[in-house]
Amino acid sequence: MKEYNFWVYILFNDRAKATYIGVTNNLERRIIEHKMGLVPGYTKQHNIDKLAYFEHYQYIHDAIAREKALKKWNRAWKYRLIETMNPEWNDLAVGLTEYIKNMVKI
């Protein structure tokens, strides 16, 4: 059976005053697009390009459902979720490629 990889991710800006939740089938590419300012709209306007949190899904419908649910959460809930994976609020894009290779079979 073919493996599929979908990702729900949360980005933040320098001051962690703004966050963005998205879904993608290629997390590395999407983060690079955000960092290079290639994604027009909210993330570009607010300089939101640091990876705070991500989750892996095999099926797109599960990833989309999770993204929609997270977007309904209040700020405090989102911040607590981020801190389960990233208590220091580091940019998880650093070392992302190696992490993904170890996490899933690509």
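## A first look around the structure

F12 is buried, and W89 is buried too. Keep in mind that this is a predicted model.

### Rings on the inside

A pair of aromatic rings is described by the distance of the centres and the angle of the planes. Across the whole structure, a search turns up five aromatic pairs. One of them is F12 with W89: the ring centres are 5.2 Å apart and the planes stand at 85 degrees, so this pair is edge-to-face. It links distant parts of the chain, with F12 in strand 1 and W89 in the loop between helix 4 (75-85) and helix 5 (96-103), 77 residues apart.

W89 has another ring partner, Y79. Their centres are 4.8 Å apart with the planes at 75 degrees, so this pair counts as edge-to-face. Y79 sits in helix 4 while W89 is in the loop between helix 4 and helix 5, so the pair ties together parts 10 residues apart in sequence. Put together, F12, Y79 and W89 make one aromatic cluster.

### Charges that pair up

Side chains of opposite charge can pair when their charged atoms come close. How many salt bridges does the structure hold? There are seven, including these:

| Salt bridge | N to O distance |
|---|---|
| K50 and D14 | 2.8 Å |
| D49 and K50 | 3.1 Å |
| R66 and E55 | 2.8 Å |

E55 is buried, with a relative accessible area of 10%, while R66 is partly exposed at 23%. Elsewhere, shared partners join D14, D49 and K50 into one salt-bridge network.

Now for the members of that network. K50 forms its salt bridge with D14 at 2.8 Å between the closest N and O atoms. K50 lies in strand 3 (residues 50-57) and D14 in the loop between strand 1 (6-12) and strand 2 (19-24), so the pair ties together parts that are 36 residues apart in sequence. Are the two aspartates, D14 and D49, buried or exposed? D14 is exposed, with a relative accessible area of 56%, whereas D49 is buried at 12%.

### A nonpolar spot on the surface

Finally, look at the outside. I32, M36 and L38 form a nonpolar surface patch, with about 330 Å² of accessible area together. M36 is found in the loop between helix 1 (27-35) and helix 2 (42-45). Its relative accessibility is 57%, so M36 counts as exposed.

Key:
Residues numbered from 1 in each chain as written. Predicted model: local features only at pLDDT ≥ 70, side-chain atom pairs only at ≥ 80, totals over all residues. Heavy atoms only, no water. Patch = residues over 30% accessible without salt bridge, like charges linked within 9 Å, V, L, I, M, F, W, Y side chains within 5 Å. Areas by Shrake-Rupley, 256 points an atom, 1.4 Å probe, with all protein chains shown as cover. Salt bridge = Lys/Arg side-chain N within 4 Å of Asp/Glu carboxyl O. Helix = DSSP H or I, 4+ residues; strand = E, 2+ residues; numbered from the N terminus. Buried < 20%, exposed > 50% of the residue type's maximum accessible area, 1.4 Å probe, protein only. Phe/Tyr/Trp six-rings, centres within 6.5 Å; stacked < 30°, edge-to-face > 60°.
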